[in-house]
Amino acid sequence: MASTLAVLRPSAPAPLAGRRARAAAPATARVALSSRSRYSSARVSLGSEVAVGADALFADYKPTTTFLFPGQGAQTVGMGAEAQSVPAATKLFNQANEILGYDLLDLCTNGPKEKLDSTVISQPAIYVTSLAAVEVLRARDGGQDVINSVDVTCGLSLGEYTALAFAGAFSFEDGLKLVKLRGEAMQDASDAANSAMVSVIGLDSEKVQELCDAANEEVDENERVQIANFLCPGNYAVSGGVKGIEVVEAKAKSFKARMTVRLAVAGAFHTSFMQPAVSRLESALAATEIRTPRIPVISNVDAQPHSDPDTIKQILAQQVTSPVQWETTVKTLMGKGLEKSYELGPGKVIAGILKRINKGASIENIGA
């Protein structure tokens, strides 16, 4: 999950991750919708019977400008401070307080770090701060023009929810409720198993897979490991049982890995260890109104955009047990002609990933 972000900053402690919104939706549900979109006139059936080909609406998307949203691991004490000078951004934090039942902005700006780093707090905190960053950008000269220019969006694990909110697939409030439940469900699933994650630095994905295969030969089935986060060349995260992770760490040097970094996460995110969280997510998603996004939102599960609301619900439930395909997502966007990227939210981890994949990539950070 979003804990993958911690992989790119091993020196810092990691944490315990085309259609307009309806005019009648509350202002908060329109938190990041732009005023124009090349897909805004597209229509698909949103009833119980989905129109044939409905999920293929964005199959031939041509990206030029993208918003990229971070996931768990990007959080840092002090985030949200800039949002306090932008009324629309402050309003998001106030609405979040009502939904969450605690002062989120105070936790973001003042900590304590241990609490902010917990899965149940960091996921809502990053979601709200990232959407607040959109409002910070909107308040700047030319900011609305930048927002209007975005024709594709995506987010790293947790960030996919932020991207869907930005694209109008669900309201800010509904997205926050989903993220809150997601964090709680993933924490509970982690507490039920003895699992862990480790970052493997300096190997390509094929070598990391060979390392996992070698480790799995020495442990029981319930301790096996797998690649959970495909971030960028030379940086992959492995999840699994603690014994399996320990074998990976012991064998890494013999596979010529530069180093391994044990991640201080709650458990083996993006593997079957998270299966207990799936049913809770499915129930919450079934009760949530999801609309066709107004622009393509690239999924972490298959690195493809989806337009059918029912498919989006299935993908989001599947996401917590599926490896994050971020490297493929970035390479695909660049291969399709992406010109400009913006990272919105705390940290600059996504910018680091893009630069590792393509040193010439153009990306700007917008914090809050």
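Which residue in strand 6 does Val 200 stand opposite?

A: Val 200 stands opposite Thr 260, which belongs to strand 6. Before going further, please keep in mind that this is a predicted model, in which local features need pLDDT of at least 70 and side-chain atom pairs count only at pLDDT 80 or more, while totals for chains, interfaces and linings use all residues. Residues are numbered from 1 along each chain as its sequence is written, and side-chain values use heavy atoms, with hydrogens and water left out.

The strand that faces strand 6 is strand 3 (residues 195–201), and the two pair in the antiparallel sense over 5 bridges. Helices and strands here are DSSP runs numbered from the N terminus, H or I of at least four residues for helices and E of at least two for strands, and two strands pair if DSSP finds at least two bridges between them.

This pair sits within an open sheet of 5 strands, whose order is 6-3-5-4-8 and whose pairing is mixed. Strand 6 and strand 8 (324–325) stand at the edges with a single partner strand each, so one side of each has no neighbour in the sheet. Helix 8 (residues 205–216) lies across strand 3, strand 4 (225–232) and strand 5 (235–241), and its direction makes an angle of about 165 degrees with strand 4 (contact means heavy atoms within 4.5 Å; axes are lines fitted to C-alpha atoms, for helices over the stretch in contact, with angles from 0 to 180 degrees between N-to-C directions).

Arg 262 lies in strand 6 (residues 259–263) and Glu 249 in helix 9 (residues 242–251), so that the pair, 13 residues apart, links distant parts of the chain. With 38% relative accessibility, Arg 262 counts as partly exposed, and Glu 249, at 24%, counts as partly exposed too (buried is under 20% relative accessible area, exposed over 50%, and partly exposed in between, with a 1.4 Å probe and protein chains only).

Arg 280 forms a salt bridge with Asp 188, where the closest N and O atoms are 2.8 Å apart. Because Arg 280 lies in helix 10 (residues 275–286) and Asp 188 in helix 7 (residues 172–191), this pair ties together parts that are 92 residues apart in sequence. Arg 280, at 31% relative accessibility, is partly exposed, and Asp 188, at 41%, is partly exposed as well.

The other salt bridge joins the side chains of Arg 138 and Glu 135, at 3.0 Å from N to O, and here both residues lie in helix 4 (residues 119–138), 3 residues apart, which is about one turn of the helix. Arg 138 counts as partly exposed at 23% relative accessibility, whereas Glu 135 counts as buried at 8%.

To return to the request, Val 200 and Thr 260 face each other where strand 3 and strand 6 pair in the antiparallel sense.

Conventions:
A salt bridge is a side-chain nitrogen of Lys or Arg within 4 Å of a carboxyl oxygen of Asp or Glu.
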